[in-house]
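Here are some notes for you to read alongside the model. Please keep the sequence and the 3D view open, and check each point as you go.

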Amino acid sequence: MASKVLIVEDERAIVEILKFNLAREGYETLEALDGETGLALGRAADPDLILLDVMLPKLGGFEICKTLRSEGITVPILMLTAREEENDKVFGLEAGADDYITKPFSMRELMARVRANIRRRALDAAPAGPDTPAGLSLDPDHYAAAKNGAAVELTQKEFDLLRFLMQAPGKVFSREELMEKVWNYGYFGDMRTVDVTVRRLREKIEDDPGKPRYIMTRRGVGYYFAQ
Ligand code: CA
């Protein structure tokens, strides 16, 4: 079955070129030319990935992203941002996006990111054990986690990152390694994506995100799951 990509973008020319390139690689596409329609389709159409513009009529991309996440919708979201400001990039990640790409983007890079995000979703890596000594458990079928029995909602990328780290407790992974293994990116990635996703994950699973017990930082090296 073809994976379905929802394009939320108000510039018709960009929508058309995205549709053309996605269709050529076998993806089904849906489009929304304003934010309200985008939010409605994001909720109802069950896309496998959302390409989400930031500046949109009626409802902005950050707002859509936050709303979908607050409703427990975990679909990978790739923000399309025209802005160069560093804060805007991080703001999209804080809003729950999995990544962003800055306009004007190269179609090759965009397609690589689409493939990487959809492949991650479909990929079932070796699951972490159903229970860990740390009291966290993962449910790979539902991209859900539980902490001491209480459900914790995670985005797919947060889930993938947590699962990846939990597979090798104590082993330190550099940001570059995580970018490559969890995001499947290689050189396209931006290391802040890793840092912000770790921060979001800590806010969800740690009792005190400032003093993490699960996802640990090895200063100057990277991150690891506590043993
Ligand atoms: Ca726009």
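1. A term comes before the details: a polar contact is a pair of N or O atoms within 3.5 Å, where, within protein, one must be able to donate a hydrogen and the other to accept it, and residues adjacent in sequence count only if both atoms are side-chain atoms. With that in mind, look at R200, whose side chain reaches the backbone oxygen of A97 at 2.9 Å.

2. This is a predicted model, in which local features need pLDDT of at least 70 and side-chain atom pairs count only at pLDDT 80 or more, while totals for chains, interfaces and linings use all residues. Residues are numbered from 1 along each chain as its sequence is written, and side-chain values use heavy atoms, with hydrogens and water left out.

3. Is R200 buried or exposed? Buried means under 20% relative accessible area, exposed over 50%, and partly exposed in between (1.4 Å probe, protein chains only); R200 counts as buried because its relative accessibility is 6%. R200 belongs to helix α8, where helices (H or I, at least four residues) and strands (E, at least two) are DSSP runs, numbered from the N terminus. Leaving aside residues up to four places away in sequence, R200 touches L93, E94, G96, A97, T155 and E158, a contact being heavy atoms within 4.5 Å.

4. Three strands make up an open, antiparallel sheet in the order β9-β11-β10, and two strands pair if DSSP finds at least two bridges between them. At the edges are β9 (173-174) and β10 (215-218), each of which pairs on one side only. Between β10 and β11 (residues 222-225) there are four bridges in the antiparallel sense, and I215 stands opposite F225 in β11.

5. Helix α6 (residues 156-166) packs on this sheet and touches β9, β10 and β11, with its direction at about 70 degrees to that of β11. Helix α8 (residues 191-205) lies across β10 and β11 and runs at about 140 degrees to β10. For these angles, axes are lines fitted to C-alpha atoms, for helices over the stretch in contact, and angles run from 0 to 180 degrees between N-to-C directions.

6. Why is helix α3 (residues 61-70) described as largely enclosed by the rest of the structure? The reason is that seven of its 10 residues are buried, namely G61, F62, I64, C65, T67, L68 and R69. After α3 comes G72, which has a positive phi, near 80 degrees.

7. E180, in helix α7 (residues 175-181), is partly exposed, because its relative accessible area is 47%. The C-alpha atoms of E180 and A116 are 9.9 Å apart, although 64 residues separate the two along the chain.
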